[in-house]
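My entries follow in the order of looking.

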Amino acid sequence: MTTKTLTSTTPTSATERRDDTVTRAIDVRGLTKTYGPLRAIDGLDLQLPYGQVVGLLGENGCGKTTLLKVLAGVLADYTGDVRVAGHAPGPESKASVSFLPDVSFLPDGARASYCIGLYDDCFSDFDAERARDLIGFFGLDASQRLREMSKGMREKVQISLAMARRARVHLLDEPISGVDPAARDVILQGVLRAIDEESLLVVSTHLIHDLEPILDSAVFMRRGRVVLAGQVDDLRAEHGMSLDQLFREVHR
Ligand SMILES: Nc1ncnc2c1ncn2[C@@H]1O[C@H](COP(=O)(O)OP(=O)(O)OP(=O)(O)O)[C@@H](O)[C@H]1O
């Protein structure tokens with residue numbers, strides 16, 4: 001299978017390249033990240049525009065989390081050229097990027113309402129009203145402590161907080177894994193309710209069937225590289241199958 005970028009042209013001149021750092025939400029060239037002898041990301045190239053919901057799809061261990069951590073500025077020891085919202089990962093990019101990690105990071109004894117205050121203090125782009133709206137949409141009680149909540153309920157709190165940032169780029173790592181199919185649907189509806197049209201949303205998962213209905217485009221990863229990428233409608237038309245079936249083909 002061939003690798004395609006989601007943008008139609010590749011910049012050739014320095015001027016074009018400068019323009020693209022403004023118009024592209026994510027621009028990654030030759031990214032490599034190793035853990036000891038393991039190349040978790042292996043010379044990866046990826047360009048993503050604003051205004052899209054993108055599925056980052058791949059089997060366990062293909063490097064999705066590692067890539068998202070680099071983009072989020074959590075992992076710094078990589079090689080290659082990485083631009084997110086026009087900046088190399090760091091304080092400036094972090095001001096524009098909302099990252100939902102795949103692990104629980106909120107204090108166990110806290111109430112959701114306290115976490116909203118915490119985010120409000122930490123992030124200037126945080127919209128507390130939107131967070132409360134999402135928590136209500138998910139049917140949660142903001143006064144309940146996190147340790148009294150189920151895994152799915154905690155996930156919904158974390159997603160409410162991450163999506164309530166009016167960020168230019170949202171990176172969600174496996175937001176629907178570990179919850180039942182009905183909860184997955186509700187979570188995705190909540191995410192769509194909160195997304196700004198002009199921002200980029202990247203969602204990683206191996207649960208492609210669940211994510212497919214909300215995606216504009218898809219990036220398939222394998223062994224630390226992008227092996228296929230494109231608009232979902234184009235991929236379906238070109239290959240004559242659903243993303244879920246295409247995923248199985250890619251990983252056969
Ligand atoms: N801190 C680490 N130390 C050593 N190896 C790591 C570390 N984190 C990840 N890896 C390895 O890097 C590779 C990519 O892992 P990563 O978590 O990015 O994959 P993933 O696609 O997100 O997987 P999953 O779908 O299971 O979450 C795997 O082989 C993993 O074992």
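Entry 1, a term first. I call a crossing right-handed if the near helix is turned clockwise from the far one by less than a right angle, and left-handed if it is turned anticlockwise. I also note that this is a predicted model.

I looked up the handedness, and the crossing of α5 and α7 is right-handed. The axes of α5 and helix α7, which covers residues 181–194, come within 10 Å and cross at roughly 155 degrees. Angles over 145 degrees count as roughly antiparallel, and α5 and α7 are therefore roughly antiparallel to each other. I listed the residues that meet: Arg130, Leu134 and Phe137 on the α5 side, and Gly190, Arg193 and Ala194 on the α7 side. By class, the contact of α5 with α7 has 3 nonpolar, 1 polar and 2 charged residues.

I then turned to the pair formed by helix α4 (residues 112–122) and helix α5 (residues 128–137), whose axes come within 10 Å and cross at roughly 155 degrees. α4 and α5 are therefore roughly antiparallel to each other. I noted a right-handed crossing where α4 passes α5. From α4 the contact takes Ala112, Ile116, Tyr119 and Asp120, and from α5 it takes Ala128, Ala131, Arg132 and Ile135. I sorted the residues of the contact of α4 with α5 by class and got 6 nonpolar, no polar and 2 charged.

In what order do the 6 strands of the open sheet run? I read the order as β5-β6-β7-β3-β8-β9, with mixed pairing. β5 (97–100) and β9 (225–231) are the edge strands, each pairing on one side only. Direction ignored, neighbouring strands of this sheet are turned by 15 degrees against each other on average.

I found β5 paired with strand β6 (residues 169–173) in the parallel sense, over 4 bridges. Leucine 100 has leucine 172 of β6 opposite. Helix α6, residues 151–163, lies across β5 and β6 and runs at about 170 degrees to β5. I also looked up helix α10 (residues 243–250), which packs on the sheet and touches β3 (53–57), β8 (217–222) and β9. The direction of α10 makes about 20 degrees with that of β8.

Entry 6, the β9 end. Do β8 and β9 pair in the parallel or the antiparallel sense? I have them as antiparallel, over 6 bridges. Arginine 222 has arginine 225 in β9 as its bridge partner. β8 and β9 form a hairpin, and I count 2 residues between them. Arginine 223 in the turn has a positive phi of about 45 degrees.

Strand β1 (residues 24–35) pairs with β4 in the antiparallel sense over 5 bridges. Aspartate 27 has arginine 83 as its bridge partner in β4.

Which residues surround the ligand? I listed Tyr35, Leu38, Ala40, Gly58, Asn60, Gly61, Cys62, Gly63, Lys64, Thr65, Thr66 and His206. I sorted the shell by class and got 4 nonpolar, 7 polar and 1 charged residues. β2 (38–49) and α2 (64–72) each supply at least two residues of this shell. Which element gives the most to the shell around the ligand? I find that α2 does, with 3 residues.

Conventions
Residues are numbered from 1 along each chain as its sequence is written. This is a predicted model: local features need pLDDT of at least 70, side-chain atom pairs count only at pLDDT 80 or more; totals for chains, interfaces and linings use all residues. Axes are lines fitted to C-alpha atoms, for helices over the stretch in contact, and angles run from 0 to 180 degrees between N-to-C directions. Angles under 35 degrees count as roughly parallel, over 145 as roughly antiparallel, 65 to 115 as roughly perpendicular and the rest as oblique. Two residues are in contact if their C-beta atoms, placed from the backbone, lie within 7 Å. Ala, Val, Leu, Ile, Met, Phe, Trp, Tyr, Cys and Pro count as nonpolar, Asp, Glu, Lys and Arg as charged, and the others, Gly among them, as polar. Two strands pair if DSSP finds at least two bridges between them. A residue is near a molecule or strand if its C-beta atom, placed from the backbone, lies within 6 Å of it.
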